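Colleague: I'm new to this one, could you walk me through it?
Modeller: Gladly, here it is.

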Amino acid sequence: MRILWLVEVPVWVPWGLESLINFGLAAVGAVLTALYFHQDKLIYMSSLPPGSRETVSTPDQLQMHDYENVTISTPDNVKITGFAIKFRPQLERLVRVEEDPTTRCGCLHSLYLHANAGNMGHRLPIARAIRHHGRMNVFLLSYRGYGKSEGIASEKGMKIDAQAALDWISNNEELGKTKIVLYGQSIGGAVAIDLAARNPDRIAAVMIENTFLEFGEFISAIECLRTLTGPSAETDPICHACIEICNISMPPSLGLRKVQSRTYPSNVPMLFLSGGSDELIPQRHMIELVETVRKSRSGGEKIPLENSGAEKGKIALARNGNGVRWVEFASGGHNDTCMQPGYFQEIDTFLRELAANML
């Protein structure tokens with residue numbers, strides 16, 4: 001028998017069956033090749049929901065009128081867009097009267113690195129809540145290939161875009177004097193930690209929600225496969241085959257499993273916001289991230305998560321006292337953790353302590 005009509009193997013099969021086997025192998029090879037060369041289009045769902053590349057909501061539609069529509073040219077000559085949303089307490093209708101209006105708003109600035117799919121306009125309600133609770137400016141970035149930014153989405157491109165946004169904030173006459181807090185959701189959390197690792201002296205804190213250990217394990221095909229194979233998709237050989245295909249050309253440089261070997265900003269306060277019912281990225285990713293970071297900050301001694309014994313639907317909080325905070329929202333899924341009771345209050349508390357140098 002000749003495999004793909006090229007390689008002779010000492011096995012006899014009827015001629016018709018040999019042709020059928022070879023056609024099947026050729027078809028599988030074509031599918032795997034297509035996955036290999038078009039995996040970025042499968043992973044980065046910038047066109048979903050439909051219209052995401054054409055229509056982007058603006059801050060003024062959510063009563064945030066003081067903003068700048070920013071266009072940044074990256075070092076590799078890609079034009080990306082963003083919203084620089086200002087917080088001016090004297091103009092806000094939502095100023096909390098029990099607080100000093102100057103609290104925090106003049107010293108902190110959030111760089112929002114959003115999750116996969118959609119565009120930055122879809123995240124404006126979250127940006128508005130962070131701006132209100134954090135009483136600070138927010139820069140909302142649209143990665144290349146998302147919204148009205150040019151280019152094609154990629155792992156390398158996301159890192160370049162995040163760095164370009166950080167540089168724009170730092171070089172801005174008004175905003176450059178503020179301390180920058182990174183806020184990343186899902187894939188944006190990995191981008192945030194990578195950015196902090198490369199700019200430890202420019203980042204005041206990092207807040208991440210439902211992110212992952214390795215980039216290959218993030219691929220959106222897992223969720224589609226889970227609907228076909230059930231809860232055992234994580235151990236399903238077909239699922240693992242898809243992951244390995246993506247990992248061939250995309251090593252986990254955005255992944256954080258080997259965070260100990262990275263140049264890691266060990267003194268940057270971090271807030272981990274985890275959905276206990278995340279159906280896309282298993283919570284073990286966030287748990288291992290927290291354990292790894294705490295271990296790296298304690299001289300190699302593993303500090304396990306505390307077991308608060310919280311019931312389903314209640315916040316399970318554990319702290320270790322060295323600038324790393326873990327907050328669990330037991331009922332939070334991948335896309336609705338930010339809607340869980342107490343979510344923005346936890347961000348508020350974290351930022352208050354950050355501003356007061358209590359972290």
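Colleague: Which residues does Gly 145 touch, not counting residues up to four places away in sequence?
Modeller: Gly 145 touches Ser 46, Arg 53, Glu 150, Gly 151, Ile 152 and Ala 153, where contact means heavy atoms within 4.5 Å. Please keep in mind that this is a predicted model, in which local features need pLDDT of at least 70 and side-chain atom pairs count only at pLDDT 80 or more, while totals for chains, interfaces and linings use all residues. Residues are numbered from 1 along each chain as its sequence is written, and side-chain values use heavy atoms, with hydrogens and water left out.

Colleague: Where is Gly 145 placed, and is Gly 145 buried or exposed?
Modeller: Gly 145 lies in the loop between strand 6 (137-142) and helix 4 (155-171); helices (H or I, at least four residues) and strands (E, at least two) are DSSP runs, numbered from the N terminus. Gly 145 is buried, because its relative accessible area is 4%, and buried means under 20% relative accessible area, exposed over 50% and partly exposed in between, with a 1.4 Å probe and protein chains only. The C-alpha atoms of Gly 145 and Tyr 44 are 8.6 Å apart, although 101 residues separate the two along the chain.

Colleague: What about aromatic rings, how many pairs are there?
Modeller: The count comes to six aromatic pairs, where rings of Phe, Tyr and Trp (its six-membered ring) pair if their centres lie within 6.5 Å, and planes under 30 degrees apart count as stacked, over 60 as edge-to-face and the rest as tilted. One of them is edge-to-face, because the rings of Tyr 112 and Tyr 183 have their planes at 75°, with their centres 5.0 Å apart. That pair links distant parts of the chain, since Tyr 112 is in strand 5 (residues 108-113) and Tyr 183 in strand 7 (residues 179-185), 71 residues apart. Tyr 112 is buried at 0% relative accessibility, and Tyr 183 is buried at 0% as well.

Colleague: And how are the rings of Tyr 143 and Tyr 146 arranged?
Modeller: The rings of Tyr 143 and Tyr 146 also form an edge-to-face pair, because their planes are at 75°, and their centres are 5.7 Å apart. Tyr 143 has a relative accessible area of 0% and is buried, and Tyr 146 counts as buried at 0% too. Elsewhere, ring pairs link Phe 329, Tyr 343 and Phe 344 into a cluster.

Colleague: Switching topic, how many helices and strands does the chain have?
Modeller: The protein chain has nine helices and eleven strands, and buried residues make up 52% of its 359 residues. Among contacts between residues at least 6 apart in sequence, 70% join residues at least 24 apart.

Colleague: Last one, what is phi for Gln 63, and what is it for Asn 210?
Modeller: Gln 63 has a positive phi of about 65° although it is not a glycine, and Asn 210, also a residue other than glycine, has a positive phi near 45°. Most residues other than glycine have a negative phi.
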